[in-house]
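Take a moment with the sequence and the model below.

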Amino acid sequence: QKSGMVYALDPDKKGEIVWKQRVGSGGTMGGVHWGMSTDNKNVYVGISDLPTNNPYSVGAAQPGLHGLDLQTGKFIWRTELPNVCPKKWKYMCFPGISAAVSSSANLVYAGSMDGMFRIFSASKGEILWEYDTKQAVNSINGVKGFGGSIESDGPVIANGNIYLSSGYDKWGEAPGNLLMVFSVGGK
């Protein structure tokens with residue numbers, strides 16, 4: 001939830017709560033926004049926790065990616081992301097993860113509001129690879145392309161490729177117009 005809470009529910013017991021865990025401080029622009037991912041062992045949670053003045057936040061902000069044990073809700077790791085943004089870009093560039101998170105065997109994929117796309121180790125939460133999408137690129141269709149904040153939809157992994165959209169300006173974030181395709185494993 002945007003409250004910063006994650007819940008496991010039992011569908012066979014009419015949605016009975018199995019466990020709950022506070023992962024972020026939550027608030028109007030905090031907590032979980034667009035979705036989590038699981039590999040049937042762990043759940044991977046992106047947290048926004050964008051700093052705004054609101055009475056709904058609880059505790060310290062935890063912008064970044066967090067791994068929880070799917071059965072117990074206990075943290076297996078927490079990875080707060082570095083702030084690579086100029087101070088003047090408070091909302092246009094922030095390291096929190098608002099977009100949905102994706103995962104595959106041993107890897108977690110997440111884009112952040114600062115335009116960084118990262119691949120993490122599923123077992124330890126370490127950043128294995130990163131790419132700054134906030135830049136001008138030569139597009140294959142000849143239209144001037146530039147990336148920005150990564151919001152809403154998460155990375156799609158299919159047929160040896162990763163598909164990612166970059167650019168979102170609804171809340172004063174960094175606009176852009178890219179659909180980027182990365183190859184997996186040097187293909």
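The model is predicted. How many helices and strands does the chain have? It has 0 helices and 15 strands. The chain is as compact as a globular protein of its length, because its radius of gyration of 16 Å is close to the 16 Å that the globule rule gives for 187 residues. The C-alpha trace spans about 55 × 40 × 30 Å along its principal axes.

Next comes the inside. Of the 187 residues, 45% count as buried, where buried means under 20% relative accessible area. Among contacts with a separation of 6 or more, 47% come from residues 24 or more positions apart.

The chain exposes about 9,900 Å². Carbon and sulfur atoms supply 54% of that area. Charge is the next topic. There are 17 positive and 15 negative side chains in the chain. The centres of these two sets lie 4 Å apart.

Finally, look at the strands β1 and β2. Strand β1 covers residues 5-10, and strand β2 covers residues 16-22. In which sense do they pair? Their pairing is antiparallel, over 6 bridges. One link can be traced by residue: Y7 has K20 in β2 as its bridge partner. Together β1 and β2 form a hairpin, with 5 residues between them. K14 sits in the turn and has a positive phi of about 55 degrees.

Notes
Residues numbered from 1 in each chain as written. Predicted model: local features only at pLDDT ≥ 70, side-chain atom pairs only at ≥ 80, totals over all residues. Heavy atoms only, no water. Helix = DSSP H or I, 4+ residues; strand = E, 2+ residues; numbered from the N terminus. Rg over C-alpha atoms; globule rule 2.2 N^0.38 Å. Buried < 20%, exposed > 50% of the residue type's maximum accessible area, 1.4 Å probe, protein only. Contact = heavy atoms within 4.5 Å. Areas by Shrake-Rupley, 256 points an atom, 1.4 Å probe, with all protein chains shown as cover. Lys, Arg positive; Asp, Glu negative; His and termini not counted. Charge placed at Lys NZ, Arg CZ, Asp CG, Glu CD. Pairing = 2+ DSSP bridges.
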